[in-house]
Number of protein chains: 2
Amino acid sequence: MVEPALTSDDLTREAVALDAGDPLAGYRGRFVVPDDDLIYLDGNSLGRAPLATVQRVNEVLTSEWAGGLIRSWDERWLDLPVRLGDLIGTGLLGARPGEVVVCDNTTTNLYKLVQAAMAIRPGRRVVIIDRDNFPTDRYVLEGVAADRGLVIRWIDDTGVDGPGPEHVADLIDEDVALVTLSHVAYQSAAIADMAAITEVAHEAGALTLWDLCHSAGAVPVDLTTAGADLAVGCTYKYLNGGPGAPAFLYVRDELRPELRQPIWGWWGRQEMFEMAQGYRPQPDIRSYLTGTPPVLALAAVEPGVAMLVEAGLPALRAKSTALTGFAVRVFDALLAPRGFTLGSPRDAAVRGGHVTVCHPDAGRLVRDLTAAGVLPDFRAPDGIRLGLAPLTTRFTDVSRGLARLAALAD
Amino acid sequence: MVEPALTSDDLTREAVALDAGDPLAGYRGRFVVPDDDLIYLDGNSLGRAPLATVQRVNEVLTSEWAGGLIRSWDERWLDLPVRLGDLIGTGLLGARPGEVVVCDNTTTNLYKLVQAAMAIRPGRRVVIIDRDNFPTDRYVLEGVAADRGLVIRWIDDTGVDGPGPEHVADLIDEDVALVTLSHVAYQSAAIADMAAITEVAHEAGALTLWDLCHSAGAVPVDLTTAGADLAVGCTYKYLNGGPGAPAFLYVRDELRPELRQPIWGWWGRQEMFEMAQGYRPQPDIRSYLTGTPPVLALAAVEPGVAMLVEAGLPALRAKSTALTGFAVRVFDALLAPRGFTLGSPRDAAVRGGHVTVCHPDAGRLVRDLTAAGVLPDFRAPDGIRLGLAPLTTRFTDVSRGLARLAALAD
């Protein structure tokens, strides 16, 4: 017997029940939500604003900046990059204390780490990356390749499941210095097998550099166990750090003494306030700092991260897979029959925190959907990316948002 | 007949009269000043917080971020780096529209411009900088030199007056690719002759890169007329952008098409949202952007700069030289007799917005002065740096602050 097709109403009833049983539902009240009816499905481009962040930034503005003035550097701000790095690293990335620091943006951090990595593999002239990686990752590698005369070997056509150890194994040899991949693919949300790929890279003597932008705060990451060498990521998606919030970088502790990043600034120097002659890097992760960090933006990162750490990765991941799993159910019922295809893995075990659905008319649909009060992300040429944030997205956002999308495609 | 020595009371009376006649006195009321009795003489390390900035940042937090969410990128934020760049460039630096952009920090911008400059002088292996330049400027050059096998020629022992065209002429030849100097010296406040030094550099075929951190907003800068090639500067000193606020960079328009900066990120690419294969730099100053800029910190820059532009550089410079001139008068009356020496030029025409006084016991004196409610800056080994911000420092801050310093040295 064929099961009767689920209707939009069935799915909405299911979503209401899922919201009622959601142990993380209360967190939404800890964010600034001026329009509760707006259906926000883009929390993986820009996470919502925590109430505590508005309070924290105002404390920085009026008490620490206007009141404390220059004294606040010593009293409050100097250790922010390292303190936030440890909060993110030990709380969400499986890093050890002192391995993560918050500074600059993802692009600049990628640049620093790629240059540093190449310098300790001087005989090797090849780097591996996939064509579907986020543009800035590709462009940074292209820039360093142009500068140093490197060859890029591209992983092509991996489809919805993204690059696996077999793709890396096909391309790797002893000319390869570095393998740069995203842990969660920004389009498909495919989770790469970090441990297996790192093993393939290490067997050939290459280093791995992971982009964690779409992983941090949504997907368990265990850099230490996976043996990852280097990583970067942003804080403005699931970490709710605010638009363009500073990025983080990770350097495996055993590797740090060997590595030297190329942008030698006063924040990376030992005893920076001595302002002495000659650069000597800090003996710790601060050697990856460049110049003065943007305190307002940096301070805004902490409350969101603290909330995620409080909720805990097991609960975040459970809610995340429930949300994406439910989105796939709604896709099957309402979107597949209307000519959409699924641009993300069906298997929750290898799917990150978003779901991409594809349609030839995606550009127009996203414009109309936005006008109808549902905000997804358009990813050219045909992707509609639904970012589902465990602390703020409701199951009813998914059912209602995708019902509107289905209606627009009729 | 010898003029009778001025007493502290005489100087305070003089200061009260100067404050009463100060056409910019009203601006102080447009800043957040929680403690009006605090004597803040460090506005060139961290400028005070404008009231309008607190309001603007809150608008970004609640209306643009929490309310507009991802839509605010298109509607409000995308052009911030360029809009702010033009406001600073055309309003305060004598640049033409499209020559200045706000991004990253001073260190990273220095790095980008030094690398870009070296690449278009490929046969030349020498860079010139002075030993007294700000540490990050020196360290960045050392890093690029280590990377590219360059030789640094150091300008030494220029004293209080800083490097002049004669120092550059002594070292320059056709091996020199780049001359990197500060326009206003961070210790002595000496103003370098930008036009004359640039001429010396250009005659030998070298480029000039100017650090404007201590110039912008306090001293007239005319990059176009001086023929300067490249420049950088921060926005957290006289521009009141907030702690660690993003920096600016300047590239002379005629030079831009030739130059290519090394950090290739998605914000520097044409049609960035196409996320296409292959880096192609923006056809304008945006090619100097790297990754996503920190919006909270960036938005905080605008109100302070707008206020300076409103006050106008002639009025700012007049107040600045009056403040530093008065500080030198107080120095002569109260500090010179107590064993202090002047660490800044006497001639106001070549003195920037701060005055440095030197004392063998400077470290202890700054600690005691801070405890006594007067905040200067300690610059090892013996400098006490008095930053006098035209919009917020009162003449009575100078007279009272230095009277307390004199008392502590007794």
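Me: Where is B:E271 placed in chain B?

Reply: B:E271 sits in the loop between β8 (247–251) and α10 of chain B. Helices (H or I, at least four residues) and strands (E, at least two) are DSSP runs, numbered from the N terminus. The model is predicted: local features need pLDDT of at least 70, side-chain atom pairs count only at pLDDT 80 or more, and totals for chains, interfaces and linings use all residues. Residues are numbered from 1 along each chain as its sequence is written, chains are lettered from A and ligands numbered from 1 in the order in which they are written, and side-chain values use heavy atoms, with hydrogens and water left out.

Me: Why is B:E271 called partly exposed?

Reply: Its relative accessible area is 49%. Buried means under 20%, exposed over 50%, and partly exposed in between (1.4 Å probe, protein chains only). So B:E271 is partly exposed.

Me: What makes the phi of B:E271 worth a remark?

Reply: B:E271 has a positive phi of about 50 degrees, yet it is not a glycine. Most residues other than glycine have a negative phi.

Me: A:L69 also has a positive phi of about 50 degrees. Is A:L69 buried or exposed?

Reply: A:L69 is buried, because its relative accessible area is 0%. A:L69 is not a glycine either. Its place is the loop between α2 (51–68) and α3 (71–77) of chain A.

Me: What kind of peptide bond runs from A:A380 to A:P381?

Reply: That bond is cis, with omega near 0 degrees. Most peptide bonds are trans. In chain B, a cis peptide bond joins B:A380 and B:P381, with omega about 0 degrees.

Me: Why is A:P381 called exposed, and where is it found?

Reply: A:P381 has a relative accessible area of 67%, so it counts as exposed. It lies in the loop between β12 (377–379) and β13 (383–387) of chain A.

Me: Now the interface. How many residues of chain B are in contact with chain A?

Reply: 72 residues of chain B are in contact with 72 residues of chain A. Contact means heavy atoms within 4.5 Å.

Me: How do you know that the copies meet through the same surface?

Reply: 100% of the interface residues of chain B are also interface residues in chain A, so the surface is the same.

Me: What area do chain B and chain A bury between them?

Reply: About 6200 Å², 67% of it on carbon and sulfur atoms. Buried area is the accessible area (1.4 Å probe) that two parts lose on being put together, summed over both.

Me: Which helix of chain B gives the most to the side that touches chain A?

Reply: α6(B), with 10 residues. By class, that side of chain B has 40 nonpolar, 21 polar and 11 charged residues. Ala, Val, Leu, Ile, Met, Phe, Trp, Tyr, Cys and Pro count as nonpolar, Asp, Glu, Lys and Arg as charged, and the others, Gly among them, as polar.

Me: What makes this a two-fold axis?

Reply: A rotation of 180 degrees with 0.0 Å of shift along its axis superposes chain B on chain A (RMSD 0.0 Å). That is the relation of a two-fold axis. The superposition is by least squares on the C-alpha atoms of residues with pLDDT of at least 70 in both copies. In chain B, the C-alpha nearest the axis belongs to B:A297, 2.8 Å from it.
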